[in-house]
Amino acid sequence: MDAPRETFYDVIRRQGITRRSFVKFCSLTAASLGLGANGAATVAHALETKPRIPVIWMHGLECTCCSESFIRSAHPLVKDVVLSMISLDYDDTIMAAAGHQADAILQETRQKYKGQYILAVEGNPPLNENGMYCIDGGRPFVEKLTEMAADAMAVIAWGACASWGCVQAAKPNPTQAVPIDKVIRDKPIIKVPGCPPIAEVMTGVVGYVVTFGRLPELDRQGRPKMFYSQRIHDKCYRRPHFDAGQFVEAWDDEGARQGHCLYKMGCKGPTTYNACSTTRWNGGVSFPIQSGHGCIGCSEDAFWDKGSFYDRLTNISAFGIEANADQIGMVAAGTVAAGLAVHAGVTAVRRLTDKSGPHGH
Amino acid sequence: MTRLVVGPFNRVEGDLEVTLDVADGVVAAARVSAPMFRGFERILVGRPPGDALAIVPRICGICSVSQSMAAVAALRAVAGVVPPPNGALAADLSHAAENIADHLTHFYLFFMPDFCRDEYASEPWFDDVAARFKAIEGSAAGELLPARAQLLHVLGIIAGKWPHSLAFRSGGTTRGLDLGETMRLIAAVAQLRGFLERVLFAAPLEEVAALSDRAALDAFAEAPRTRNGDFALFLRLARDLRLDRLGRGTTGLMSYGAYRGAGEALFRGGLYDPTTGGTGEIAPERIAEDVTSTWLADGPVHPAEADTHPAVHKPEAYGWAKAPRLDGRPVEVGALARQVVDGAPLARALVADGGSNVAARVVARLFEVARVALAMETWARGLEIGRPFCIPDLPSPDGAAAGLVEAARGSLGHWVTIRNGETARYQIIAPTTWNFSPRDARGVPGPLEQALVGTPVGERGARAAAIQHVVRSFDPCMVCTAH
């Protein structure tokens, strides 16, 4: 590196953001990541001393729902900080440059920051017909993707498309759309599944990665433990009704009006790992179960090909955790008291831990 | 004659490439290509019909409610279901929130930043426009994004999550709203009015909705009271650059009619003929899709009979979008078409002199925002607490029907056939499929391909801003286009 690279703090100040706003951002980031008492100082120190980490955001076969979710994060400073400070060096949905000028930015970033940038991928590559189902700038997306991944420090797989394949990979998968880890094999990949992922989960992950320059602790499926370690069902506000055997039988029936459990309407909350029932959607306003519709499990692998979205879990075999839904019922019947105890803990602030720790960098 | 390739386009939804033949600094011919295909029309076949309600929203992350509404309309028509008034109103409120959000996103984040390019640096309005709209740096985005997020709380309240909401059913919306939620809904709509009246229009919505001719628009652009709004800023810029002469479209303008929840459609449907100035009925059975220029195999052309089979080795094809035609002709769809067909005097005035154009498309979009925001207030107050929002699901009977709705970008149709309780056929024609259609068997170009002809590119070639203005004036959604 010829000249010292500028830090996030340099960029933030150059853009006219005050020190006060910067400190606020650090506190919020630390809080959203569950970093504890010294978290804000840790975040601030990292942003003041570490070189800014460029982020490249690429779109493959997708619907842009991940970007849509991201730009509506309830993070109060998202418009200033996440979009412009953390600097998406390349994002074809919101950027100013066009056409081959945009392609040039890609190549420039790749060379200048070799091994130092984060590649965020929305969507996935289709492999049939040599990638012809997704042509970007005259070339198959799969080529551009593997090329940009080769020089990345790490890769973020946004959403169900990049993580698992999503609905375009549903039978008969006409384009042979595959998750990105089928074509990127030699880089650390963090999967942030969901269709789309929750905005605050996205800003939390990107905030962590660019602040500390590494991925947070991941589970065996490659998901950040801080957001995907609990099932929707574990923290669902309707859980007491499940435990009490009170169910919705038809849309908007009396049970629905009483807020009863949606299990019989096909809710996949018991087998879905995501933060919907705690973080919720649209700035904490609600989430699908709160709107009276069951969870379809959109953050789980192959959610699109597990039978009807409205089948009860009884009809689905090969789900882990509880062996089948009959047992769910039996376990539930025996654990009403335990369920209430768990429920009492819902209001406690979620502990978002990273054992390798921001403190150990 | 030189051939230019413009693309990949940024600040549009999805991937787009445009090939231009340029002679003497002016576009002589254009070919528009949708280079992305996923195959939803094949994926839906063989599944339970109701599962379409969870799959079709995922065609598009910015118009997911529109896709839901088209599927709901089609399934509703097959089953003969009539939702209770609350469910219909809640669905219209949701759809309106998404459509307004899309219109605002287009204006603030996608369309206006192109006027901040260096080639406009000497224009009298440049400093004002650049300070407001420059991509990522301009001050407007900082006001828009929070207001837009607030507006989309309407979706949060009614549907739990957006995009890809699940609450929309044939029988209505899944959950009755209580008094508190209805009050929050009314508050969200009031906040929308606040943003629009303070930032976008600098005028009451009623005043914008009452604009009726070019003279009124000119006065609005200059009046001390309204000139500080972003709308007036655009009107002055459009007048200076003569955007009404750019991107001329001479095809018919079509709308299926929009927002039928309260009974009568808020905007009535039909086909407007710019040569006669008259409006006629649409005969849906006269809609066909031509695949001459598409990487798809030939077959039946009516969407109720068509299938989708990729055929990638077709030398004459240049994209994944089909070419929809009404009575064998291309038509333009979108907010301008909707307002013209509905008979809004301002919209009629904007196309009276030579058809649709860049300025008219943008003005109509913002004009429509004012009209729909006013309607949302009425609908929100029309919800009756304690009354049903949804009737129970019944097994889908076999049959076939079309669901024809208006998305933000124009006419959206889903054609479904149900046999033995499964989806046997599913075809989709999206708004940008109409607007950005390729050439058909007779060699007739689609509406954008026609509108680009005559665009001056000068020495800047593929980098000319005029091309961007014409393309973006249609607010393309490419992921919907070829789905």
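Author: UniProt positions are given in the numbering used here, with feature names shortened, and annotations may be inferred rather than shown by experiment. This is a predicted model, in which local features need pLDDT of at least 70, side-chain atom pairs count only at pLDDT 80 or more, and totals for chains, interfaces and linings use all residues. Residues are numbered from 1 along each chain as its sequence is written, while chains are lettered from A and ligands numbered from 1 in the order in which they are written.

Reader: Which residues does UniProt place under "binding site", and how do you know that they gather at one spot?

Author: The unreviewed UniProt entry places that feature at Cys60(B), Cys63(B) and Cys477(B). They span 418 residues in sequence, yet no two of their C-alpha atoms are more than 8.6 Å apart, so they gather at one spot.

Reader: Why is Cys60(B) called buried?

Author: A residue is buried if 20 or more other C-beta atoms, placed from the backbone, lie within 10 Å of its own, exposed if 12 or fewer, and partly exposed in between. Cys60(B) has 31 such atoms within 10 Å, and is therefore buried.

Reader: What makes Cys477(B) count as buried?

Author: Cys477(B) has 32 C-beta neighbours inside 10 Å, so Cys477(B) also counts as buried.

Reader: Which residues is Cys60(B) in contact with, leaving aside its neighbours within four places in sequence?

Author: Two residues are in contact if their C-beta atoms, placed from the backbone, lie within 7 Å. On that basis the partners of Cys60(B) include Cys477(B) and, from the other chain, Cys63(A).
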